[in-house]
Amino acid sequence: MAFSFLTQEIAMDLGTANTLIYGNDKLLLDEPSIVAIDKNTGKPIAFGQKARMMHGKTYPGIETVRPLRDGVIADFNAAEIMIRGFIKMIDTKKRLFTPSLKIIVCIPSGSTEVEIRAVRDSAEHAGGRDVYMIYEPMAAAMGVGLDVHAPTGNMVVDIGGGTTEIAVISLGGIVTDQSIRVAGDVFTGEIQQYMRQQHNIKIGELTAEQIKMNVGAAMTDLDQTPDPYIVRGPNLMTGLPVEVAVNSQEIAHCLDKSIAKIEASILAVLEQTPPELYSDIVQNGIYLTGGGALIRGLDKRLYEKINIPFHIADEPLKSVARGTCMALKNSNKLPFLMR
């Protein structure tokens, strides 16, 4: 590839909702995983936040694409364009790249061989000479600050945009895990559907995201209840504008079934856990990372259901990227990295 960079190593958390890039222990980029493409020429117009602001607001000549769905690459061409664009964004800001680019990317633990190859090929086509991969729960555990090599059971639940990764880690390996496609995107879709059915109002993806961030909750009886969020949009029957105040109790009911699926998966992983590791987990608690960990009352609800303490990681959105960066520094010593 005809690229000339000034740094050598980057760690990339290629997420369904956001892409984070670390280099030299610094966060270099944190942008939504979305690209705006000119349909006539096939060339990119905008990446990340700029493209996200266009989402749902374009004319027919422009298409906004989220290349990842359910944690895996759904649009290979758009993914390659997006990765290349993000790498260029860092290059112009920091001037940190060298001709030989080493990339480590994290992937869902339930990825198939085809899905892993798609990530590897996209990273290589975007300029990566040396491409490594690490499973997300392992990266999340490292990012939280757990000693993944210790002969102790650690459990991580990473609720991202496309997948929820649940894994028990010990001695530098994943003992038992589940990757389910119930996560942030499903929550957003359910909020859209709820607003259609209960309030007869049509809202877009970005508005549903705003509702989730402002009044998203896992329980109806929160310690601190957020103020209702005002939603504006067209009435489905009349097409006339309406204004609705949505509260956290409504969203807790709306997300109940999806959160119940996450609870069932956590219990299923615990059932498969060897007893010695199980007792470690009961003692140490379970760590919540990813954007889904920020849903109000989720840790309390999970504790009431499973009877094991849940700890929300510091800056849960960055845990996986931080862990990927740590893996990058020790890439020669970690047996669980994939080439």
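Me: Which element gives the largest share of the lining of the largest pocket?
Reply: Happy to start there, with the reminder that this is a predicted model. The elements that give two or more residues to this lining are β1, β2, β3, α1, β11, α5 and α6. The largest share, six residues, comes from α6.

Me: How much space lies in the largest pocket, and which residues lie nearest its centre?
Reply: The volume of the largest pocket comes to about 1,000 Å³. Its lining is made up of 45 residues, dividing into 14 nonpolar, 17 polar and 14 charged. Nearest the centre lie Ala17, Asn18, Glu209, Gly291 and Leu317.

Me: What about the second largest pocket: which element gives the largest share of its lining?
Reply: This pocket holds about 220 Å³ of space. Arg52, His55, Gly56, Lys57, Gly204, Glu205, Leu206, Thr207 and Gln210 line it, and by type they are one nonpolar, five polar and three charged. The largest share, four residues, comes from α6.

Me: Which residues is Met155 in contact with, leaving aside its neighbours within four places in sequence?
Reply: Met155 is among the residues that touch the most other members of the largest core. With heavy atoms within 4.5 Å as the cut-off, its partners are Ile166, Ala167, Val168, Ile266, Val269, Leu270, Ile281, Ile286 and Tyr287.

Me: Why are the buried residues of α9 on the same side of the helix, and what do they pack against?
Reply: The buried residues of α9 are Leu298, Arg301, Leu302 and Ile306. They cover an arc of only 110° around the axis, so they sit on the same side of α9. An α-helix has 3.6 residues a turn, so residues three or four places apart point the same way. The elements they pack against are β11, α7, β16 and β17.

Me: Which residue takes a positive phi just after α9?
Reply: Helix α9 covers residues 298–306. Just after α9 comes a residue with a phi of about 70°, and that residue is Asn307.

Definitions and conventions
Residues are numbered from 1 along each chain as its sequence is written. This is a predicted model: local features need pLDDT of at least 70, side-chain atom pairs count only at pLDDT 80 or more; totals for chains, interfaces and linings use all residues. Side-chain values use heavy atoms; hydrogens and water are left out. A nonpolar core is a set of buried Ala, Val, Leu, Ile, Met, Phe, Trp, Tyr and Cys residues joined through side-chain atoms within 4.5 Å. Buried means under 20% relative accessible area, exposed over 50%, partly exposed in between (1.4 Å probe, protein chains only). The arc is that of the directions from the helix axis to the C-beta atoms. On a 1 Å grid over the protein atoms alone, a cavity is a set of points where a 1.4 Å probe fits but cannot get out, and a pocket is an open set with protein on both sides within 12 Å along at least five of seven lines; lining residues have an atom within 4 Å of a point. Grid points are joined across faces, edges and corners, and a volume is the space filled by probe spheres set on the points. Ala, Val, Leu, Ile, Met, Phe, Trp, Tyr, Cys and Pro count as nonpolar, Asp, Glu, Lys and Arg as charged, and the others, Gly among them, as polar.
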